[in-house]
Amino acid sequence: QVQLVESGGGLVQPGGSLRLSCAASPRIFTTDVMGWYRQAPGKERELVADISSRGVIDYADSVKGRFTISIDTAKNTVNLQMNSLKPEDTAVYYCNLNRYVLVRGKWEHTWGQGTQVTVSS
C-alpha cells in the first residue's frame, strides 16, 4: 500500500511563490501517474496538474504558465512549483497517485492528507 506525504503549503501574498512536495513510499512505479489536485471551500476537487513517470504532463488552464509539476523517480517525489499566485489559488492541495492494479484490472487512486495554501495580502 503506497503512502503519500505532502509538505510546503502556507500563507503567501499575491504574486508570491510556493513549492509543494509529495513523497511516495515505498516507491513510484514507471506506469504511475502522479498529480496535484485542489479543493477550495464550497467547490469540488479539481485537477491542477499531473505527470507520468515518462514525463507526460497536463495542466489545468487556470495554472498554465504559472505552475510547474516535476517528478523525481529516484527520490519518489513529485513537486509543484507555484509562481505568480493569486487569491483564487487558495485551497487545500492534495497529492494523488494513480496506479493501474493488474490483479484488479483497474486504476486506483491514493491521496495524501492535503496541505493548505492561502494566498492573501
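Two strands pair if DSSP finds at least two bridges between them. Strands here are DSSP runs of E with at least two residues, numbered from the N terminus. The model is predicted, so local features need pLDDT of at least 70, side-chain atom pairs count only at pLDDT 80 or more, and totals for chains, interfaces and linings use all residues. Residues are numbered from 1 along each chain as its sequence is written, and side-chain values use heavy atoms, with hydrogens and water left out.

**View 1. Strand β4 and strand β9 run antiparallel.** The two are joined by 7 bridges, with β9 covering residues 91-101. G35 stands opposite N96 in β9. Of the 7 residues of β4 (residues 33-39), 5 are buried, so the strand is largely enclosed by the rest of the structure. Buried means under 20% relative accessible area, exposed over 50%, and partly exposed in between (1.4 Å probe, protein chains only).

**View 2. β4 and β5 form a hairpin.** The strands run antiparallel and share 6 bridges, β5 being residues 46-52. M34 faces I51 of β5. Between the strands lie 6 residues, and G42 in the turn has a positive phi of about 80°.

**View 3. A disulfide joins C22 and C95.** A disulfide is counted when two cysteine sulfur atoms lie within 2.5 Å; here they are 2.1 Å apart. The pair links distant parts of the chain, C22 in strand β3 and C95 in strand β9, 73 residues apart. The link is left-handed, with -85° about the S-S bond. Both C22 and C95 are buried.

Definitions and conventions: Helices (H or I, at least four residues) and strands (E, at least two) are DSSP runs, numbered from the N terminus.
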